[in-house]
Amino acid sequence: MYRIGLFSRIGKTTIRTLRFYDRTGLLRPGYVDPHNGYRYYGSEQLILLQQIQSLRQAGLAVDEIRQVLSGGPSQKVLEERSRQLREEIRTLEDQLGRIAHFLSIAKGEMNMDYNPVIREIPECIVYSTRLVAPDYDSYFQLIPEIGAKVTRENPGLQCAEPEYCFIEYLDGEYREKDIHIEFNEAVTAYGKDSESIRFRTLPAATVASVLHKGPYSTLGEAYAYLFRWIGESDWEMTGNPRESYIDGIWNQEDESGWLTELQVPVRKKTK
């Protein structure tokens with residue numbers, strides 16, 4: 001058998017660590033001299049120490065290692081650690097992708113006006129209506145009319161704060177004429193449904209988002225950028241794109257000051 005100092009050198013660990021493993025019951029000495037308290041370790045403890053070191057390098061905590069070594073439900077512990085590691089890898093891959101994005105900007109290879117982020121949109125109450133817009137310019141007439149109608153039929157109805165209104169495109173492809181859309185406005189409470197307008201709870205959503213400043217006629221550039229970014233990332237689309245209007249004709253005199261957020265519902269790709 002080996003004294004603790006020699007055993008620590010053979011096992012490539014510190015005496016302090018061996019004493020800690022002894023206190024926690026993870027690795028007991030093979031023999032303790034009752035007269036002087038010296039700890040002695042043998043080959044069986046060396047094999048056990050190597051198991052512990054391997055599990056520690058896999059990222060398991062002391063309590064988890066104890067559970068694995070005691071013959072408990074080790075599969076659940078190991079599967080959970082595997083899940084955590086996969087999630088950490090995906091997080092690191094996402095960070096690497098974002099660094100690559102900024103490096104491309106620095107090299108002049110990408111448009112620096114757009115910086116995609118992943119956002120969580122909370123559950124909210126909305127009123128919504130589906131319609132066919134003749135073209136994009138018709139939004140300036142159609143959307144105010146929808147709001148005015150809802151206000152007439154639901155006096156006192158308040159918009160949510162912060163305001164959240166968006167158009168969801170239903171065609172599944174780009175169209176310049178006869179565009180099928182659903183308009184949604186977040187409010188603080190349910191109102192009265194009508195033939196064309198209904199109130200509902202919009203589920204929470206994870207979205208990939210970019211901000212576009214300028215006229216709606218150049219939104220195509222932002223869409224192309226965002227779709228490309230999603231395609232090269234660890235995310236995949238799960239729903240129709242949304243256009244959320246932050247600043248526009250109602251509070252900006254010049255269209256160069258219009259601010260629109262493009263949102264695409266996404267989820268992590270399955271690996």
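**His212 and its strand**

A: In this predicted model, His212 lies in strand 9, which spans residues 205-213. His212 has a relative accessible area of 3%. The cut-off for buried is under 20%, so His212 counts as buried.

Next, the contacts. Leaving out residues up to four places away in sequence, His212 touches Tyr114, Thr218, Leu219, Ala222, Trp258, Leu259 and Thr260. Ala222 is another of the touching residues. Ala222 sits ten residues from His212 along the chain, and their C-alpha atoms are 6.4 Å apart.

Now the strand partner. Strand 9 pairs with strand 12 in the antiparallel sense, over seven bridges. Within this pairing, Val207 has Pro265 of strand 12 as its bridge partner. Strand 12 covers residues 259-268, and seven of its ten residues are buried. That makes strand 12 mostly covered.

Strand 11, residues 242-247, runs antiparallel to strand 12 and is joined to it by five bridges. There, Glu243 is the bridge partner of Leu262. Strand 10, residues 235-237, is also antiparallel to strand 12, with three bridges between them. Met237 stands opposite Val266 of strand 12.

To recap: His212 is buried, and its strand 9 pairs with strand 12.

Methods. Residues numbered from 1 in each chain as written. Predicted model: local features only at pLDDT ≥ 70, side-chain atom pairs only at ≥ 80, totals over all residues. Heavy atoms only, no water. Helix = DSSP H or I, 4+ residues; strand = E, 2+ residues; numbered from the N terminus. Buried < 20%, exposed > 50% of the residue type's maximum accessible area, 1.4 Å probe, protein only. Contact = heavy atoms within 4.5 Å. Pairing = 2+ DSSP bridges.
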